[in-house]
Amino acid sequence: MASTIERGAPPNALGSNMSLKKALSAASPLSLRIVAECPVTKARACDLILPHAAVSTPVFMPVGTQGTLKGITVDQLEGLGCQICLGNTYHLGMRPGPDLIEKASGLHGFMNWKKNLLTDSGGFQMVSLVELSEVTEDGVKFKSPYDGKEILLSPEKSISIQNSLGSDIMMQLDDVVSSTVTGPRVEEAMHRSIRWLDRCIAANKNPDRQNLFAIIQGGLNAELRKKCLEEMTQRDVPGFAIGGLSGGEEKDDFWRMVTLSTDHLPREKPRYLMGVGYAVDLVVCVALGCDMFDCVFPTRTARFGSALVPWGSLQVKHKQYAKDLQPIDPDCHCPTCRRHSRAYLHALFKNDTAAMHHITIHNISYQLTLMRSVRQSIVEKRFPEFIQAFMKRMFPSPDQYPSWAVDALTSVNIKLE
Ligand SMILES: [Zn+2]
């Protein structure tokens, strides 16, 4: 499929060689159609055309696999209107292994998932889950938790696994540093991530049907981020992710790095903010110009009995719901809220994992519905009003609005009332 991109003016000086890059651009299995742009903020609504159908953005992407499905089946995910979900390369690459998945017609066939899939590089999980990991120029070295063998995850190996999985969007292997680390290690990781991006691009065997996204690094240092943006936007990749955030840094640093990144990313390519999934963060980061999001939070918190609602969260384990026959959210149309009461879920939670399953479905539905409402408001040119109403509902009073959110929204011309 040819790349049909909007021919907007480059957003800034870093886009000065955009026309050259467009001329050099090979056919890619992705196209982005900008449906509407908010006249006030940097928010936009797009149709992202991928090999397994179109995705309406802004979009939240649930995690569809973690080796085993946690709390939700692909049929249920599809029933909620999910157009793209994540597969974990690390788990799938270890077990059952890329060869078996390739035999099963890729991860789509293996999972029986007909919509789009995004796979991560496997690097982040390795660094965060495996204690004995070591990063060198070759890649990430670690001991397999299954048999103790030493394994090298190189950029080439990561892409080879993701080629076997057959995902619609693959992520480059990047050198991941915690967002709270400062100093020369951050600069080293940023430069290495650029070199690894080039190795990933060269290693991709299926550029005609699998999209490779670059990951912008640079920690919380604006100069390093800009340098990384300048270098990576010169590569012909179909999309960009903003990485290295959402790891415990100050929210004030977080939103400034997000908005700096979207200022320098090309308008005509999708922007994926990794690891962000709290409702307030999603809405604010859409205002800052991000299109795609993922986070384990909605499913993880469900397993602790916490249901996401427009006024925050509802802990079904609390005594106050023991005799409450309302659904989690009376305005929610998800299968859980259509069938079950708070009292039922409260009783079930005590001795049955099915309760977690019902709450997981509700929470994913909440995220997808929130993003659909955000998109609708952008298309109808009332996104600023949407944010005002959203914040009023989420917090008991304006003096409880988080100051970072107030500052971030002020930076894109929304003054919260
Ligand atoms: Zn619900």
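Visitor: Is Asp324 buried or exposed?
Guide: Asp324 is buried, at 14% relative accessible area. Buried means under 20%, exposed over 50%, and partly exposed in between, using a 1.4 Å probe and protein chains only. This is a predicted model, where local features need pLDDT of at least 70, side-chain atom pairs count only at pLDDT 80 or more, and totals for chains, interfaces and linings use all residues. Residues are numbered from 1 along each chain as its sequence is written, and side-chain values use heavy atoms, with hydrogens and water left out.

Visitor: What does the side chain of Asp324 meet in a salt bridge?
Guide: The side chain of Arg342, at 2.9 Å from N to O. A salt bridge here is a side-chain nitrogen of Lys or Arg within 4 Å of a carboxyl oxygen of Asp or Glu. Arg342 is buried too, with a relative accessible area of 7%.

Visitor: How many salt bridges does the structure hold?
Guide: It holds 22. One of them joins Arg192 and Glu137, again at 2.9 Å, N to O. Arg192 lies in helix H8 (residues 184–203) and Glu137 in the loop between strands S7 (133–135) and S8 (140–143), so this pair ties together parts 55 residues apart in sequence. Helices (H or I, at least four residues) and strands (E, at least two) are DSSP runs, numbered from the N terminus.

Visitor: Is Arg192 buried or exposed?
Guide: Buried, at 8% relative accessibility. Glu137 is partly exposed, at 30%.

Visitor: New topic. At what angle do H11 and H16 cross?
Guide: Roughly 160 degrees, with the axes of H11 (residues 279–287) and H16 (residues 383–394) coming within 11 Å. Axes are lines fitted to C-alpha atoms, for helices over the stretch in contact, and angles run from 0 to 180 degrees between N-to-C directions. That makes the two helices roughly antiparallel, a label for angles over 145 degrees.

Visitor: Which residues make the contact?
Guide: Among them are Val280 and Val283 of H11, and Phe386 and Phe390 of H16. Contact means heavy atoms within 4.5 Å.

Methods:
Angles under 35 degrees count as roughly parallel, over 145 as roughly antiparallel, 65 to 115 as roughly perpendicular and the rest as oblique.
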